[in-house]
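Hi,

Here is the structure I promised to pass on. Have a look at it first, and then read my notes below.

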Amino acid sequence: MGRAAEILGVTPAFLRSLGAAKLIEPLRSEGGHRRFSRYQLRLAARARELVDAGTPVDAACRIIILEDQLAEALAMNEELRRRG
């Protein structure tokens with residue numbers, strides 16, 4: 001977790017708050033260390049952008065979840081149009 005926080009320029013507590021808000025749920029190594037995927041790091045970076053702009057953490061997480069859902073829905077619509 002420390003390395004991920006360092007890469008993103010945030011505190012480990014910030015990353016834990018993203019987990020508590022259900023934005024990211026890192027896997028655990030055999031030693032119990034949190035392992036973040038690149039996708040999770042991108043989500044955390046987006047959360048940091050929103051929080052830095054004054055958005056509360058919980059609201060930032062909800063925004064990111066909705067952005068992700070919208071992108072998925074748009075991709076599905078595009079796929080259906082191609083098959084159409």
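**What I found**

Thr55 counts as buried, with a relative accessibility of 19%, where the cut-off is under 20%. Bear in mind that this is a predicted model. Thr55 sits in the loop between α3 and α4. If you skip its neighbours within four places in sequence, Thr55 is in contact with Leu50, Ala60 and Ile63.

On the α3 side, the contact between α3 and α4 is made by Tyr39, Leu43, Arg46, Ala47, Leu50 and Val51. The α4 side brings Val57, Ala60, Ile63, Ile64, Glu67 and Asp68. The axes of α3 and α4 are 9 Å apart, and the helices pack at an angle of about 130°.

Now for the core. The largest nonpolar core has 19 residues, and those that touch the most other members are Leu15, Leu18, Leu23, Ile24 and Phe36. At least two residues of this core come from each of α1 (2-8), α2, α3 (38-52) and α4 (57-83). The largest share, 5 residues, is supplied by α3.

Leu15 deserves a click in your viewer. Apart from neighbours within four places in sequence, Leu15 is in contact with Met1, Ala4, Ala5, Leu8, Val10, Ile24, Phe36 and Ala44.

Which residues of α2 are buried? They are Phe14, Leu15 and Leu18. Looking down the axis of α2, these buried residues fall within an arc of 100°, so they line one face of the helix. As a reminder, an α-helix has 3.6 residues a turn, so residues three or four places apart point the same way. The cover over the buried residues of α2 includes α1, α3 and α4.

One last item is Lys22, which follows α2 and belongs to the loop between α2 (12-20) and β1 (27-28). Lys22 is not a glycine, yet its phi is positive, at about 70°. Most residues other than glycine have a negative phi. Is Lys22 buried or exposed? Lys22 has a relative accessible area of 57%, and the cut-off for exposed is over 50%, so Lys22 is exposed.

Over to you!

Note on methods. Residues numbered from 1 in each chain as written. Predicted model: local features only at pLDDT ≥ 70, side-chain atom pairs only at ≥ 80, totals over all residues. Heavy atoms only, no water. Helix = DSSP H or I, 4+ residues; strand = E, 2+ residues; numbered from the N terminus. Buried < 20%, exposed > 50% of the residue type's maximum accessible area, 1.4 Å probe, protein only. Core = buried A, V, L, I, M, F, W, Y, C linked by side-chain atoms within 4.5 Å. Contact = heavy atoms within 4.5 Å. Arc of directions from axis to C-beta. Axes fitted to C-alpha atoms, helices over the stretch in contact; angles between N-to-C directions.
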